[in-house]
Amino acid sequence: MSASCAVTPSVRTELSKRLTFPAQTRRPRNKCEISRRGFAVRGIVASGVSVMGSPPPSAASQPIQGGERLAFKPEGYNFWEWRGHKIHYVVQGEGLPLVLIHGFGASVFHWRYNIPELAKKYKVYALDLLGFGWSDKALIEYDAMVWTDQVIDFIKEVVKEPTVVVGNSLGGFTALSVAVGLPEQVTGVALLNSAGQFASESSKKQEEEAEETVLTKFVVKPLKEVFQRVVLGFLFWQAKQPSRIESVLKSVYVNAANVDDYLVESISKPATDPNAGEVYYRLMTRFLTNQSRYTLDSVLSKMTCPLLLLWGDLDPWVGPAKAEKIKAFYSKSSLVHLQAGHCPHDEVPEAVNIALLDWLSNVVTEPSSPELSEV
């Protein structure tokens with residue numbers, strides 16, 4: 001179990017003040033944003049899986065769409081204890097470590113076509129963030145820094161070597177903040193349709209936030225919470241129905257070839273966990289409504305390692321304009337456009353694997369400094 005908070009107090013304080021995920025504002029919505037409503041209605045399967053990803057009923061690696069597929073083990077792969085909670089992870093291959101971080105609601109099984117291929121040349125880790133996948137569904141107050149701390153401690157205690165971090169959607173922003181919190185050990189970052197907003201995009205919302213009154217605190221908020229529980233309870237029940245899952249997945253996968261039984265089953269089964277509904281409620285009402293503290297520019301301005309942007313240009317939520325803006329802001333970045341939606345690693349895995357392997361071989365090399373391997 002990790003007893004430490006890997007982000008130093010000064011770094012954690014700075015990140016907590018200035019980083020952000022997409023949040024809804026009162027201006028017209030654009031394709032570079034993931035709105036709060038979008039998450040509430042479709043977000044449970046936005047990343048291809050529900051609030052609790054779980055492995056599907058396949059018994060072995062199969063050469064289907066995208067190549068070899070991650071084998072299913074009903075008992076899971078490996079577990080690491082972190083702050084009293086079980087964290088599920090997969091590890092395959094040898095070489096320079098890669099750490100894969102899934103998006104909102106996903107699990108390690110969303111990297112089903114990437115892990116086997118990348119593991120042919122690298123040591124690949126994929127972990128389930130707390131509250132998702134086979135990791136514990138902890139009833140805590142979720143904040144972006146919880147996952148940042150989790151991944152940093154995972155790299156320090158399990159990986160123990162210089163590492164490249166790869167993240168999709170929510171996992172993308174987590175990857176960036178991990179690189180800032182652990183610069184001596186993160187040698188590169190790859191983002192696939194990452195969540196995150198620049199400060200200029202969220203300033204209007206911050207200006208419009210009114211001071212909380214007594215009436216708001218003791219009357220409006222309690223009534224709002226009751227209403228939210230009813231509405232979100234219904235949405236959670238609806239979202240875990242197989243037919244609904246398939247429909248929503250097809251709305252974010254431009255190429256629906258991989259919207260198969262494997263993926264649908266990985267969404268419909270896990271919602272039976274006793275804490276699944278409560279975790280979903282907390283994420284929707286607390287985490288997703290308190291993201292204006294975190295901005296992309298504050299993270300990128302502190303990062304020093306190479307950055308690869310693998311972007312599904314047909315993403316209905318986070319379009320290519322966001323990738324172009326990140327590239328313009330951060331000089332050490334490379335951009336690869338893909339004909340895919342929000343989850344290119346599962347929609348066009350072969351293209352993602354080729355681009356990622358090419359970037360790794362040309363840009364990121366294992367550091368020669370002996371001190372790094374001793375962190």
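**Entry 1: His-88**

The model is predicted: local features need pLDDT of at least 70, side-chain atom pairs count only at pLDDT 80 or more, and totals for chains, interfaces and linings use all residues. Residues are numbered from 1 along each chain as its sequence is written, and side-chain values use heavy atoms, with hydrogens and water left out.

I placed His-88 in strand E2. Helices (H or I, at least four residues) and strands (E, at least two) are DSSP runs, numbered from the N terminus. Is His-88 buried or exposed? His-88 is buried, as its relative accessible area is 0%; buried means under 20% relative accessible area, exposed over 50%, and partly exposed in between (1.4 Å probe, protein chains only). Leaving aside neighbours within four places in sequence, I listed the residues in contact with His-88, among them Tyr-77, Phe-79, Val-108, Asp-128 and Trp-134. Contact means heavy atoms within 4.5 Å.

**Entry 2: the hairpin**

I then followed the pairing of E1 (residues 78–82) with E2 (residues 85–92), which is antiparallel over five bridges. Two strands pair if DSSP finds at least two bridges between them. Phe-79 stands opposite His-88, and Trp-80 stands opposite Ile-87. In a regular strand the side chains alternate between the two faces of the sheet. Two residues lie between E1 and E2 in this hairpin, and Arg-83 in the turn has a positive phi of about 55°.

**Entry 3: the sheet**

I traced an open sheet of eight strands in the order E1-E2-E4-E3-E5-E6-E7-E8, with mixed pairing. E1 and E8 (333–338) are the edge strands, each pairing on one side only. From one strand to the next the twist averages 20°. Which strands does helix H14 touch? H14 (residues 349–362) packs on the sheet and touches E3, E5, E6, E7 and E8, and its direction makes about 165° with that of E7. Axes are lines fitted to C-alpha atoms, for helices over the stretch in contact, and angles run from 0 to 180 degrees between N-to-C directions.

I found Ser-169 in the loop between E5 and helix H5. Ser-169 is not a glycine, yet its phi is positive, about 55°, and at 2% relative accessibility it counts as buried. Asn-193 sits in the loop between E6 and helix H6. Asn-193 also is not a glycine and has a positive phi, about 45°; its relative accessible area is 0%, so it is buried.

**Entry 4: helix H4**

I checked H4 (residues 144–159), where 14 of the 16 residues are buried, so the helix is largely enclosed by the rest of the structure. At its start, a side-chain oxygen of Asp-143 comes to within 2.8 Å of the backbone nitrogen of Met-145. Lys-160 follows H4 and has a positive phi, near 60°.

**Entry 5: the chain and its confidence**

I noted 14 helices and eight strands in the chain; 57% of its 375 residues are buried. The mean pLDDT (the predictor's confidence in each residue, from 0 to 100) is 75, and 65% of the residues reach 70 or more. Over residues 204–224 the pLDDT is below 50, and this stretch has 16 contacts beyond near neighbours in sequence in the model.

Definitions and conventions. A polar contact is a pair of N or O atoms within 3.5 Å; within protein, one must be able to donate a hydrogen and the other to accept it, and residues adjacent in sequence count only if both atoms are side-chain atoms.
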